[in-house]
Amino acid sequence: METATRRLRATVAERVEARRARRRLAREIAAYQTPAERLELDLILGRHTEEQIAEIDAILREQRNARALDLT
C-alpha cells in the first residue's frame with residue numbers, strides 16, 4: 001500500500017512540475033511580441049523537427065487563439 005501511495009505522490013508531483021514548466025515556457029514565448037521577435041522565434045523553430053517543437057507550436061496556437069478572442 002505504501003508503495004502505491006508513493007507512486008501516486010510522485011506522479012502528482014511530476015504533473016505539477018510539468019504544468020509549472022509549461023506555464024514558464026508559455027510566458028517566455030509570450031515575451032516574443034514584436035514582428036522581429038516573432039520572426040526570430042520562427043527562424044529558431046525552423047531548425048527543429050515538428051516533433052521537437054510540438055509543445056511550442058501548441059502554446060503558440062493557444063496564444064493566437066486567446067489574442068483572437070480578445071479582439072472580438
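Why does Q63 count as buried? Its relative accessibility is 14%, so Q63 falls under the 20% cut-off for buried residues. Keep in mind that this is a predicted model.

**Helix 3 and its neighbours**
- Helix 3 runs over residues 54-71 and has 18 residues.
- From first C-alpha to last, helix 3 reaches 26 Å, close to the 26 Å expected at 1.5 Å a residue.
- Leaving out residues up to four places away in sequence, Q63 touches A26, I29, A30 and R38.

**Where helix 1 meets helix 3**
- Two packed helices are described by the angle between their axes and the distance between the axes.
- Here, helix 1 (residues 2-30) and helix 3 have axes that come within 10 Å and cross at roughly 65°.
- If you want the handedness, the crossing of helix 1 and helix 3 is right-handed.
- On the helix 1 side, the contact is made by R22, L25, A26, I29 and A30.
- On the helix 3 side, look for E55, I56, A58, I59, L60, E62 and Q63.
- Sorted by class, the contact of helix 1 with helix 3 has eight nonpolar, one polar and three charged residues.

**The nonpolar core**
- Seven residues make up the largest nonpolar core: I29, L41, L45, I53, I56, I59 and L60.
- Helix 2 (35-45) and helix 3 are the elements that give two or more residues to this core.
- Helix 3 provides the largest share of the core, with three residues.
- I29 is one of the core residues, and I29 touches R38, L41, I56, I59, L60 and Q63 once residues up to four places away in sequence are set aside.

**A closer look at L45**
- L45 belongs to helix 2 and is another member of the largest nonpolar core.
- With a relative accessible area of 9%, L45 is buried.
- Go 10 residues along the sequence between L45 and P35, and you'll find their C-alpha atoms 15 Å apart in space.

**A contrasting spot: A18**
- A18 lies in helix 1.
- A18 is partly exposed, with a relative accessible area of 47%.
- Between A18 and T3 there are 15 residues of separation along the chain, and their C-alpha atoms are separated by 22 Å.

How values were computed
Residues numbered from 1 in each chain as written. Predicted model: local features only at pLDDT ≥ 70, side-chain atom pairs only at ≥ 80, totals over all residues. Heavy atoms only, no water. Core = buried A, V, L, I, M, F, W, Y, C linked by side-chain atoms within 4.5 Å. Buried < 20%, exposed > 50% of the residue type's maximum accessible area, 1.4 Å probe, protein only. Helix = DSSP H or I, 4+ residues; strand = E, 2+ residues; numbered from the N terminus. Contact = heavy atoms within 4.5 Å. Axes fitted to C-alpha atoms, helices over the stretch in contact; angles between N-to-C directions. Left-handed = near helix turned anticlockwise from the far one by under 90°. Nonpolar A, V, L, I, M, F, W, Y, C, P; charged D, E, K, R; others polar. Expected span 1.5 Å × (residues − 1).
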